[in-house]
Amino acid sequence: MTTFLDRPNDPFPPRHLGPRGAEVEEMLARLGCGSLEELVASVIPNSIRSDRPLALPPGDGERRELRRLADIAGRNQVWRSYLGMGYSGTVTPAVIARNVLSNPGWYTQYTPYQAEISQGRLEALLNFQTMISELTGLPLANASLLDEATAAAEAMAICRAAAGVEEGGVFYAAEDCHPQTLAVLRGRAAPLGITVATGPATVDAVRPHAPFGALVQYPGTWGDVEAHDELAHALEEAGSALVVAADPLALTLLRPPGEFGAALAVGSTQRLGVPLGYGGPHAAYLAAAESFERLLPGRIVGVSRDAEGRDGYRLARQTREQHIRRERATSNICTAQVLPAILAAMYGVYHGPAGLTRIARRIAASTRVLAAGLTELGAAPQAAPLFDTVRVRLEPETAGAVLAAARERSINLRDGGDGSIAVSLDETVERTDLDDLLDAFAAGLGVARGRSLDELARGAEVEIPAAHRRASAFMTQEVFARYHSEHDLLRYLFRLQERDLSLAHSMIPLGSCTMKLNATAEMMPITWPELADLHPFAPPEQAAGYAELFRQLEEWLAEITGFPAVSLQPNAGSQGEYSGLLVIRAYHAERGEGERDVCLIPTSAHGTNPASAVMAGLRVVPVDCDDRGNVDFEDLERKCERHAERLAALMITYPSTHGVFEERVRDICDAVHRRGGQVYLDGANMNAQVGLCRPAEYGADVCHLNLHKTFCIPHGGGGPGMGPICAADHLAPFLPGHPLAATGGDRAIPPVAAAPWGSPGILPISWMYIAMMGAEGLTRASQIAILNANYMASRLKDHFPILYTGRNGRVAHEFVIDLRGFRKSAGITVDDVAKRLMDYGFHAPTMSWPVPGTMMIEPTESESQQELDRFCDAMIAIRAEIREIETGAADRRDNLLVNAPHPAARLTADEWPHPYSRRRAAYPAPWLRERKFWPPTARIDNAWGDRHLVCTCDPVASYAEADDEAPALVG
């Protein structure tokens, strides 16, 4: 029995859920329901309802759960780790940590598809692209990828496409690449029939393989720096391409890849101010020569102009092209790490080129001091260090003694397993750290220290040989020279923040994207040193806290989905899709049915689904949908029967992408199973299911979960995310393993992410959400999500057709409104409505998906009735504005919608040529008088930007005279 003493003073569910008790009753009354359970019963087919409640701990208050998580985090031991392998200690400037990483004005935005209200983060990402382009010496760079290993895999795919190799082929990877990169490369290559050959990074070693591309590490994983001019030239002559995995900080001192012939460069920007986080999230980069423009994966920010002729940023044409190519896409676009990329970009802005060079030179000098000290101890490095890593080779027994002496000092060194030890330094290293390192080696070697650090330092000037030395300037743009004081940077950050609409301003009702509350209590732990400062390859005994967090989170997600096995490795929803399909392929291969390669995908599926299937080596066969948006069961049966011998999987989203619970989902799963296939469920819409139904119970075999949707990790303006997969018993042995962490069994698929657990640094967010909500809170969240969506649909149905409904005329947690008729009746498009919503202070719902010319609205459970009404009032007002056009009261070519949005610069201009008033343009609703979000630009001209692709910080005016008919690619 519990009493008031056991109940928290700060229960979380009332803080997370928007509607209060009286509001819930009023909303239910409008829907003709007497209770939430009655409403849910009218929405979800009884045949798939779970017959047992969630067996999770009861929710507790913020304070208690923060204390519990602190106890768990305290089990981690944060040693000084000099393990390298692409992960380094770093210092996140406090002004950036507080005002970006811990600021909901930065971490709660959506992907910048609505450019006019995303100008701040688009500018920050353009800074990122410019920084990477300048450091690598290549003209094109994207706005981030997931991690260095997957970026290398994307580069492999680019090389293959550029070489015109349609099947098989060989990709060469230098043996001194980071081991996790090699593991991910092999895993990504296998489904596509690509052979990954390894060996020395020399022309003689590479040429016999006739590869379509080759990858080298720069500096190598053990610190060696080689000149790759000859290899780059030989590959180019053979119609192939050199890919360089380069440390961006090292590139301030070393020759950039573009100057010695590299076609592509990849890497991680983690050491540019982004915490280790036990492996992520970190923003990877990919830079390329101009010829690879249309093959670049991920997102690219470009410069265009708005309707007033002013500069404006937007996602460039390539991003949209990848999204609509479906199974013909060369990449899955949901691969960005926007928030970490912004952190890295601001690190570059704050330090500037001189500051970055100073940090790099200090690291290089410290490494030389260490090397000189080791030489005096009789453990001379195998090669003179050029940047941050020294490697010594000792007798195995002596190496063991050195490693033990380091452990006594809470220091992790990299054990080569053959008597060699590597030490990789970083910007956090101080005098005492170097002393402790030399003391550890001296103790292990059984010798006395020689000269003092000061004496060693006098001969540690950084002199890089001319063959490797950078001679070119970089980051010469004004943005990298202006904001080096904290005051200046603070004002710059807030100026950019004010140009972005986020959840701090208003609801973002995006269908299928679930932009719910990212509570402060959930976000706080990600900055705790016990969680943020752990190296991903630290010994497991130092990560006992993370192990416990993983165990609990896996158990909770298993209970929520009904699946017994969970892998936390996929570090994005797209990676979860890909991983789930690889698991299915491995299962078929184990059973001697490796020929199963057909993946059925409904035509309503996410654009990422077909791309993921192709990346997994599957053939996509589309399945029709009926007039109500459901999977056409007869067409599914025909396709299942036609491809029965080769059927691998069906990919299905549930509730459907049309916002309804399909009645025949069990029949759909049974039809696939009867032909030997497996059912992959896209978990994007779990927000309508948690506590109400479980995918495993109605027929799915594997699903991924978007922790950045249902489980409250913020979207970060387009990343980070996490996409763990949950699987049935028969698929459990095939879940992703990782060679550097000894995870996964003999049948596990190769790693899909560089780090063993993807992006663990953000998992505390979902842990806190589930812990604070508890079983009852999570179930009520699903009920309120369904209530909010049905309430909005009931308010809007008399003004806009609701395209799809389930039984009883209900929708799930989202719904689609049809705007297609307005093109004919008023010349108004879905884009016009989206831009006009900006004048009302809202981000548009999901546009033209799953049906062109429509909007999909998802309010989430976190929005109050007042906010729901505010959005509905805005949409109803816009409908009235359209009616004015339809009746002739407003001009068809010059009206409030086609001219939207209306920035302050237009409204305060001396001339006002429009037939409607400035007041109606700027203040169409009463709440805007209290707080107005001003779109910073007029409508962005995407077509102009596509004809003049500018994706660095160079001013667009310098390219204005380019031929309008020919794309001018500018670096």
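**Notebook: cores, a hairpin and helix packing**

I began with leucine 557. Beyond its neighbours within four places in sequence, leucine 557 is in contact with Val566, Leu568, Leu705, Leu707, Phe711, Pro724, Cys726 and Ile770. Contact here means heavy atoms within 4.5 Å.

I noted the ground rules next. This is a predicted model, where local features need pLDDT of at least 70, side-chain atom pairs count only at pLDDT 80 or more, and totals for chains, interfaces and linings use all residues. Residues are numbered from 1 along each chain as its sequence is written, and side-chain values use heavy atoms, with hydrogens and water left out.

**Cores**

I looked up the largest nonpolar core, which has 285 residues. Leu413, Leu557, Leu636, Ile770 and Met855 touch the most other members. A second, separate core has 27 residues, including Ile584 and Tyr680. A nonpolar core is a set of buried Ala, Val, Leu, Ile, Met, Phe, Trp, Tyr and Cys residues joined through side-chain atoms within 4.5 Å. Buried means under 20% relative accessible area, exposed over 50%, partly exposed in between (1.4 Å probe, protein chains only).

**Helix α9**

I turned to α9, residues 179-189. Nine of its eleven residues are buried, so α9 is largely enclosed by the rest of the structure. Gln180 and Arg188 are among the buried ones. The buried residues of α9 pack against α8, β3, β4, β5, α22 and α23. Helices (H or I, at least four residues) and strands (E, at least two) are DSSP runs, numbered from the N terminus.

**Leucine 231**

I found leucine 231 in helix α11, residues 229-237. Leucine 231 counts as buried because its relative accessibility is 4%. Setting aside neighbours within four places, leucine 231 is in contact with Ala201, Thr202, Val203, Val206, Val216 and Leu242.

I checked how β9 (residues 301-305) meets β10: they pair in the antiparallel sense over five bridges. Strands pair if DSSP finds at least two bridges between them. Serine 304 has glycine 312 in β10 as its bridge partner. Five residues lie between the strands, and glycine 309 takes a positive phi near 85° in this hairpin. In β10 (residues 311-315), four of the five residues are buried.

**Helices α28 and α29**

I ended with α28 (residues 830-839) and α29 (residues 865-887), which pack at about 125° with axes 10 Å apart. Axes are lines fitted to C-alpha atoms, for helices over the stretch in contact, and angles run from 0 to 180 degrees between N-to-C directions. Val833, Arg836 and Leu837 of α28 meet α29 residues including Phe871 and Ile882.
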